[in-house]
Amino acid sequence: MKKTTFSRRLFFMGSIGTLAGCATQRRKSLTQLGYKSPNEKLNVAGIGVGGKGASDLKRCESENIVALCDVDWRRGAETFQCYPKANKYKNLLEMLDKENIDACTISTADHMHAFAAMRCMERGIHVYVQKPLTHSIWESRQLTFAARKYNVATQMGNQGHSSSKLREFCEVLWAGIIGDVREVHCWTDRPIWPQGITKPLPEEDVPDHIDWDLWLGPAPWRPFNSNYTPFKWRGWWDFGTGALGDMGCHIMDAPYWALRLGDPISVECLTQDGKNDQTYPNKSIIRYKFPKRGSMPAVTLYWYDGGYKPQFPKVVQNDPLVNFHSGNLFIGEKGCIISKEYADDFQVFPKDYEKPDAVIPRSMGHYKDWIQACKGGIPACSNFDYSGPYTEIVLLGNLALRTEGELLWDGPNMRVTNNWEANRHIKPKPRKGWEL
């Protein structure tokens with residue numbers, strides 16, 4: 001069996017540089033917050049507290065839930081009742097200015113993630129931000145830089161990254177059991193909300209319980225329609241990030257971590273159905289090309305959504321995971337690995353292999369790790385030094401949906417080198433007063 005010699009700490013965080021930066025973060029965190037003991041409770045707030053925001057806060061109930069913010073008070077009503085002592089707000093800036101907050105969960109629509117997170121971090125508030133980290137590539141880069149600048153503990157809500165199975169998956173691949181991997185396929189059944197809509201929805205009266213201007217935030221102004229919120233916003237270019245943003249930050253995590261992907265050299269939409277300038281398409285296939293990375297060869301990754309799936313090799317065709325709604329297929333020189341979306345269930349072919357030694361520290365849990373990081377513990381595993389660059393790569397696929405042909409990508413300079421029209425979609429143009 002091929003032995004791995006990678007540092008446990010190196011692969012827990014992704015790079016030694018990340019660890020060094022986070023060591024400084026931990027010392028600053030304790031000083032800023034004045035803790036005498038890591039057992040003291042944090043003052044936690046929530047921005048966007050209905051739906052997923054409610055479950056995010058529930059995972060933080062070991063701490064003091066002190067403030068809640070939601071622009072839709074009907075949507076947030078159940079959460080408000082769960083924490084009657086917490087002060088309620090519609091305007092996140094008002095809450096941040098008035099309350100004594102140590103840490104904040106952010107579970108809004110995608111287009112609000114970056115603004116909310118930045119306003120927290122510049123006040124020294126630790127943040128847990130739902131996936132995808134941001135609405136645009138440029139915003140992800142800015143949050144990565146800001147987390148370092150303000151010395152705050154961060155975590156993106158791709159909870160599968162904390163799973164023991166994903167760590168086992170990486171260890172199997174690093175042990176060389178299926179040999180060098182040159183091809184990966186990722187698929188999902190998303191979207192499960194409307195897409196392929198070519199025109200804005202007709203104007204409706206704004207309900208009393210919603211502050212529509214605050215809900216729009218940095219997005220271009222458009223009249224209210226009840227089919228934008230609270231869920232179907234995911235399919236609209238102005239608000240969501242489509243199937244890739246919703247599930248790519250889960251499904252592509254195993255390839256990104258296990259194959260140490262970094263920036264691709266190109267991305268291209270190979271096919272899509274329902275392309276338009278209002279919403280994401282009904283379905284698509286996107287191809288990423290990654291260069292050689294250390295001892296790992298160049299690899300091509302394919303993304304499928306809306307019902308598209310890869311052509312599975314014969315060796316895996318009878319495995320039940322082929323029929324799962326979302327998953328990964330790694331094709332190596334000596335075999336294959338097929339998995340579910342979080343790599344929480346995977347099958348190796350050939351099946352008679354020796355399980356490698358564990359080399360990655362196991363997690364206490366996605367939320368617990370973040371809470372401990374806020375109190376000066378080791379950095380959470382999907383902190384912005386990991387999830388920021390990762391989100392950039394995921395959202396690069398959406399850039400390919402908006403353009404034609406193969407886009408050559410200069411990652412360090414965050415630009416397409418062969419299609420200048422594509423570059424205008426990298427950085428958003430927010431409404432006045434909503435600049436990052």
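**Close-up views of a predicted model**

**View 1. Helices α7 and α13 pack against each other.** Helix α7 (residues 137-150) and helix α13 cross at an angle of about 175 degrees, with their axes 8 Å apart. Helices (H or I, at least four residues) and strands (E, at least two) are DSSP runs, numbered from the N terminus. Axes are lines fitted to C-alpha atoms, for helices over the stretch in contact, and angles run from 0 to 180 degrees between N-to-C directions. α7 and α13 are therefore roughly antiparallel to each other; that label applies to angles over 145 degrees, while under 35 counts as roughly parallel, 65 to 115 as roughly perpendicular and the rest as oblique. On the α7 side, the meeting residues include I137, L143 and A147. On the α13 side, they include F384, L395 and L399. The model is predicted: local features need pLDDT of at least 70, side-chain atom pairs count only at pLDDT 80 or more, and totals for chains, interfaces and linings use all residues. Residues are numbered from 1 along each chain as its sequence is written, and side-chain values use heavy atoms, with hydrogens and water left out.

**View 2. The largest nonpolar core holds 101 residues.** A nonpolar core is a set of buried Ala, Val, Leu, Ile, Met, Phe, Trp, Tyr and Cys residues joined through side-chain atoms within 4.5 Å. Buried means under 20% relative accessible area, exposed over 50%, partly exposed in between (1.4 Å probe, protein chains only). Y288 and F330 touch the most other members. Helix α13 (residues 384-401) gives the most to this core, with 10 residues. Leaving out residues up to four places away in sequence, F330 touches F169, L173 and I337, among others; contact means heavy atoms within 4.5 Å. A second, separate core has 19 residues, including V44, L68, A86 and Y128.

**View 3. W187 and F312 form an aromatic pair.** Rings of Phe, Tyr and Trp (its six-membered ring) pair if their centres lie within 6.5 Å; planes under 30 degrees apart count as stacked, over 60 as edge-to-face and the rest as tilted. This rule gives 20 aromatic pairs. For W187 and F312, the ring centres are 5.3 Å apart and the planes stand at 85 degrees, so the pair is edge-to-face. W187 lies in strand β7 (residues 181-187) and F312 in the loop between β10 (299-305) and β11 (327-332), so the pair ties together parts 125 residues apart in sequence. W187 is buried at 1% relative accessible area. F312 is also buried, at 10%.

**View 4. Q278 sits in a loop.** The loop runs between β8 (266-273) and β9 (283-290). Q278 is buried, with a relative accessible area of 14%. Beyond neighbours within four places in sequence, contacts of Q278 include K199, R222 and W236.

**View 5. Helix α12 is largely enclosed.** Seven of the nine residues of α12 (residues 366-374) are buried, so the rest of the structure largely encloses this helix. The buried residues are H366, Y367, D369, W370, I371, A373 and C374. Q372, also in α12, is partly exposed, with a relative accessible area of 32%. Not counting residues up to four places away, Q372 touches M364 and G377. Just after α12, G376 takes a positive phi of about 100 degrees.
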